[in-house]
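Please open the model in your viewer and keep the selection tool at hand.

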Amino acid sequence: MSTIAPDRTGVTTGRTEVTTDRTAVTTEQAIEGSQTIRLAPNYWPFVVPALVVVSAVIVFPWAFTLWMSVNRWTLGQSRSFAGMENYLRLASDPRFWESLVHTLTYTSLSVAAPMFLGTVAALIFDARFPLRGLLRGVFVMPMMATPVAVALVWTMMFHPQLGVLNYLLSLVGIPAQEWIFNANTVIPSLVAVETWQWTPLVMLIVLGGLASVPREPFESAEIDGANAWQQFRYLTLPMIAPFLMIALIIRTIDALKSFDIIYAMTQGGPGTASETINIYLYNTAFSYYDIGYGSAMAVVFFIVIVALSFILLMLRQRSQWNDAEGK
């Protein structure tokens, strides 16, 4: 009896240890299972509010605009289904085509001028000289002003009798100009205001590209005898081309939908000389109360913007592909 008791005790102890180990393993598995459940959060409570906001702010207004564009609807009169009548009416509307020409002209000039001047300004401010930081801040200030305030200030400057611009011209013997009060000069005058305000944006984008350009190729080019123009043409310009495309896309979309400066300064005048699609659309919907026709115009204009944006994005992708092949 005395020899068997220790063995039984040992067996009992071993069983106790095995049971303890199994309990420990079960506890560890339970802890891991609970951690696994905690590491699988549900994101839908965060996504649903965003989807609701997007639907309310973007999807529903566009769906409602499409619905209005296929209806004959003038405020104060009964609404009736018109089908494609409003879109066919656009094709035969000379004022719409005139506004389209004004839009493309205004957009082309409002993109080309800031792109050129902004690139030149970026090259200047990329160099090191005294007070460079202060001058950069001064140069960016027009971009910080609201477009309506800019329009009001420039309207006073463009005044034929009281404007400061004609006074400055008189100092050098140039006759006074009518600026925004003449059909031949109104669009160039508006483009000058747009250029003054948004050239700093292009400068900032190009400056970002210049800051990322490596200096080793330029040192090698100087050793090989390349002049400043050759360095810019064959080194700087290809390296900052993606940044120029970004600036081009932003400026094109912004110029296409420009409304506040034009409306605050000319309201599309004199006559219809500066009436872009945005101004014509606004007058049609909110001055003539032709909601259906104005909605059709908005849909067509949206398609134009999307098509131009797609073309610009394709050009950007192609330039990146070419850069990758060149490397």
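Helices here are DSSP runs of H or I with at least four residues, strands are runs of E with at least two, and both are numbered from the N terminus. A polar contact is a pair of N or O atoms within 3.5 Å; within protein, one must be able to donate a hydrogen and the other to accept it, and residues adjacent in sequence count only if both atoms are side-chain atoms. The model is predicted, with local features needing pLDDT of at least 70, side-chain atom pairs pLDDT 80 or more, and totals for chains, interfaces and linings using all residues. Residues are numbered from 1 along each chain as its sequence is written, and side-chain values use heavy atoms, without hydrogens or water.

Select D93 to begin. This residue caps the N-terminal end of α4, with a side-chain oxygen 3.1 Å from the backbone nitrogen of R95.

Next, select α4 whole. Its 33 residues should span 48 Å at 1.5 Å a residue, and the end C-alpha atoms are 48 Å apart, which agrees. The expected span is 1.5 Å times one less than the number of residues.

Then display the largest nonpolar core, which has 20 residues. Such a core is a set of buried Ala, Val, Leu, Ile, Met, Phe, Trp, Tyr and Cys residues joined through side-chain atoms within 4.5 Å, where buried means under 20% relative accessible area (1.4 Å probe, protein chains only). M115, A122, M203, V206, L207, L210 and I240 touch the most other members. Two or more residues come from each of α4, α8, α9 and α10, and α8 gives the largest share, six.

Finally, select L207. Beyond its neighbours within four places in sequence, L207 is in contact (heavy atoms within 4.5 Å) with A122, F125, D126 and R136.

Technical notes:
Buried means under 20% relative accessible area, exposed over 50%, partly exposed in between (1.4 Å probe, protein chains only).
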